[in-house]
Structures are given as structure tokens and as C-alpha cells.
Amino acid sequence: MTKRALITGITGQDGSYLAEFLLSKGYEVHGMVRRSSGSNTQRIDHILQPDSHLESIPLTLYYGDLTTLEQITGLIYDIRPDEIYNLGAQSDVRASFDMPEYTAEVTGLGAVRILEAIRRSGVAARFYQASSSEMFGGAPPPQNENSPFLPHSPYACAKVYAYHMTCNYRDGYGLYASNGILFNHESPRRGPNFVTRKITRAIVNIMSKSQDLLYLGNLDACRDWGFTPEYVETMWLMLQQDSPDDFVIGTGESHSVRKFLECAFDYAGLDWEEYVRFDPRYVRPVEVNALLADSSKAREILGWSPKIGLEELVMIMIDADMSAAGLDPPGHGYEALRSAFGSQSFAYRTSVPVDNRGQAVGSE
Ligand code: NAP
Ligand code: F7E
């Protein structure tokens, strides 16, 4: 029988890849989209287009918002999904310091609204919560499922709350509810305010002579950066296990923002020190200095291991940004994708029209 999935945050980076992945597995996919005065579906428009590579696409979108139960309960009751992926969030860590209450409302309470709707409806849906490595905050690396949560931002605090509520509904009501504790994952569809995409877009703008300098904050922070299409597969794998559980997902390699800069500018044949300047506006009130995943549990139980490392990730992102800008990319990113996944894979389809919303209002 065809499985049905409901995705919140389907218009985001992860949601768009997850939708493609589930469609490729034969799922009927339902997505909750928040109302916007402009278009916020750029990342999934290629799936909805009539000339899409997928024929008669079983993808349906509904308006809804995580700040209210108004739609969530009805959607769960009407669709009766087999699986629910809660990817919707105010996901910008820096912005969460400016909007702590809103972040708690969407990123924290949003998860509880869904859990409560599942419980009340009696629908036997499996639930995935998009937990984050940011929850580890000040915990020393490497971090795994047993590391303490020492959150350093309003975003991380909201995610810790949602994490515990997911465990609470699992333990208290027997819901199939799992937390994926994902470390940073990037792609050509990454929002333009996150540091990796901010860098790759700036490089392409510099090459096109539409930008002179790139302003950044702390270059010493270290992150475990992976490739998003590989990570959405783990979300699905978590919901296919006999029993619900929590898993850390990351590459097991950590690099500084400075190292990402070096790699990215090198690939474009530029010297980063000529173009990068410091701007204190991008420094956070509290920083997370070092994240490094120990994903041994996922490797053993889910049988998952990543194929794309930092250098390939950088090449993939720059190739895609150059193509989108009408420039001729070196192409090593496309080669890396082809050799890792094959050109038929959803993971290969990175160069869909990426969002062009530009810099959001605020400091990033
Ligand atoms: P993203 O690109 O920022 O996408 C967030 C999604 O949430 C978008 O679809 C957004 O809609 C939606 N959303 C925001 N506020 C909402 C609201 N009030 N009601 C309903 N939907 C709302 O984030 P992502 O990178 O795909 O990440 C997906 C999830 O994983 C998030 O929960 C994030 O916190 C978590 N996570 C991400 C990473 C990472 O490295 N990417 C790591 C760990 C955990 P619009 O398109 O309208 O803005
Ligand atoms: O920052 C430093 C910044 O905003 C990475 C979200 O998906 O991953 C993401 O959160 C590092 C930080 O990602 C700039 O201080 C320097 O140390 O790309 P980011 P993040 O904060 O790690 C986690 C796992 C999530 O769950 C989140 O949803 O880069 N940095 N200069 C900068 N960061 C930004 N954004 N802009 C700068 O100019």
C-alpha cells in the first residue's frame, strides 16, 4: 500500500530534499506551507512544475502554521499520515537572539502541537523531530547521544525542549517518536544567511563583479558540515526501525569557518584574505565553538555513512551557484555528485532554481 507522509517545513532546504526522496520511494507526500505575501515555494517549484522529471506527482500542499493548532489537527485527521516529519522551525541561530519568544513558539511549541495532535487523533503516525547539534552547545566534542545538552542560544533552548517532549510522548503515551540530532548540513539550497552559502554566493558575486567584499563574524568556530541529501535519508531510516530511538548524524570531521573560506576561495582561484572583512554584527552573544559528531550508533543501527566531505561539499555548492549565475563552473562538484550518487539520484538535482530572496532583514 502507498505510504503517506506529512512534512512541515517542506519549503525549506531539508523539506525540499526530503519530499524528493520520499516521492522517489513511492510515497504520497503532503506538505504544510505557511502563507507568505510572496512565493516561498522556490525550492519545490521544480517538483510541482508540469515538465518535472516525476510524472503525475503525488504531492499536495496545504496552508498551515506551527504557531497554531488550527490546521495541524485537521491535517493529521484528514490525511492520516503514516509518517510525520517535523522540519518546520525558525532555524536561524543568530536571529533567535533577536526573536527568542517567537523562536520558542515555532521551534519549541510547534513540535508539541504536532505530538498532541497525533495523541488526540489516535492516528498511528510515526513522528520525526528535527533536533539539532546546537543542543550540545558547550558540551566538549565529539558529541554523541549520551553527551549533555548545554544550549547556547534561544534556538538551541527551544530545540532541547522539543527534544524532551518528543521523548516524553514516546515514553508516556507509546508514540513512535524519534529525534534525529543532525549536525550542520549544507547544499546549494541552503538559506543565504547561513555561513556556507553566504560564502559560496559571495564568491560567485565577486567573480561576477557584483560584490567587492564579504563581511563575516567569528572565523574560529568549528562545525561538522555534511551534505543535506545524505541527511534526509537518515530521517526516513529512523522511522523504518522496529522501535523509535534517537540518533546523532554527522560526518565525524570538524572544520573552522576559516577552513571553509580557504577551500571555497581556493576552488574559485581567489585569495580569501583579499576579500573578507570582520563585522562585529555577526558575532553572537554566546557562540558554540566546536561541534564534531560521533555517529557510531547511526552507522551501526541505520547502516548509514556519508560519502561527501568538506572539499566535495564546497565544490558542489560553488558549481551550483556559478551555474545559477550563468557562469561556467569548474565542474568538480558535479563530478563528485555523479560518482557518489549517479546522475539519476535526487541528490544529483542540486541546481534547481535556488531561492533568490537575498539577505533577510536583520543582522545576517
Ligand atoms: P530552513 O531551510 O530554515 O527551513 C525551515 C522551514 O520551516 C521552512 O519551510 C519554513 O518556511 C518553515 N517554517 C518557519 N516558520 C514556520 C512556521 N511558523 N510555521 C510553519 N513552517 C514554518 O531549515 P532547514 O535547514 O531545512 O532545517 C530543517 C529543520 O532541521 C529545522 O527544524 C532546523 O531547525 C533543523 N536542523 C537543521 C540543521 C541544518 O544544518 N540545516 C541541522 C539540525 C537541525 P518558509 O519557507 O516559509 O520560511
Ligand atoms: O553559523 C559563524 C557562526 O549560521 C555557523 C542552522 O541550520 O546549523 C545551523 O546553525 C558558524 C557559527 O549555522 C558568520 O558564528 C561567522 O559559529 O551557518 P551558521 P549554525 O549557527 O551552526 C545548526 C546545526 C542548526 O540546527 C541551525 O538551524 O559560522 N559565522 N560569520 C557566521 N554565521 C553566519 N550565519 N553569518 C556570518 O556572517
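Reply: Start with pairing: two strands pair if DSSP finds at least two bridges between them. Strands (E, at least two residues) and helices (H or I, at least four) are DSSP runs, numbered from the N terminus. This is a predicted model, where local features need pLDDT of at least 70, side-chain atom pairs count only at pLDDT 80 or more, and totals for chains, interfaces and linings use all residues. Residues are numbered from 1 along each chain as its sequence is written, while chains are lettered from A and ligands numbered from 1 in the order in which they are written.

Me: In β4, which residue is the bridge partner of A5?

Reply: E83. Strands β1 (residues 4–8) and β4 (residues 83–86) pair in the parallel sense over four bridges.

Me: What is the strand order of the open sheet?

Reply: β3-β2-β1-β4-β5-β6-β11, seven strands with parallel pairing. β3 (59–63) and β11 are the edge strands, each pairing on one side only.

Me: Which strands pair with β6?

Reply: Six bridges join it to β5 (residues 126–132), in parallel. Here G180 is the partner of A130. The chain goes from β5 through helix α6 (residues 154–173) to β6, a right-handed β-α-β crossover. Right-handed means that, with the strands pointing away from the viewer, the path from the first strand over the helix to the second runs clockwise. β6 also pairs with β11 (residues 247–249), parallel, over three bridges. There G180 stands opposite F247.

Me: How many residues of β6 are buried?

Reply: A residue is buried if 20 or more other C-beta atoms, placed from the backbone, lie within 10 Å of its own; exposed means 12 or fewer, and partly exposed is in between. In β6 (residues 177–182), six of six are buried. A177, N179 and I181 are on one side; S178, G180 and L182 are on the other.
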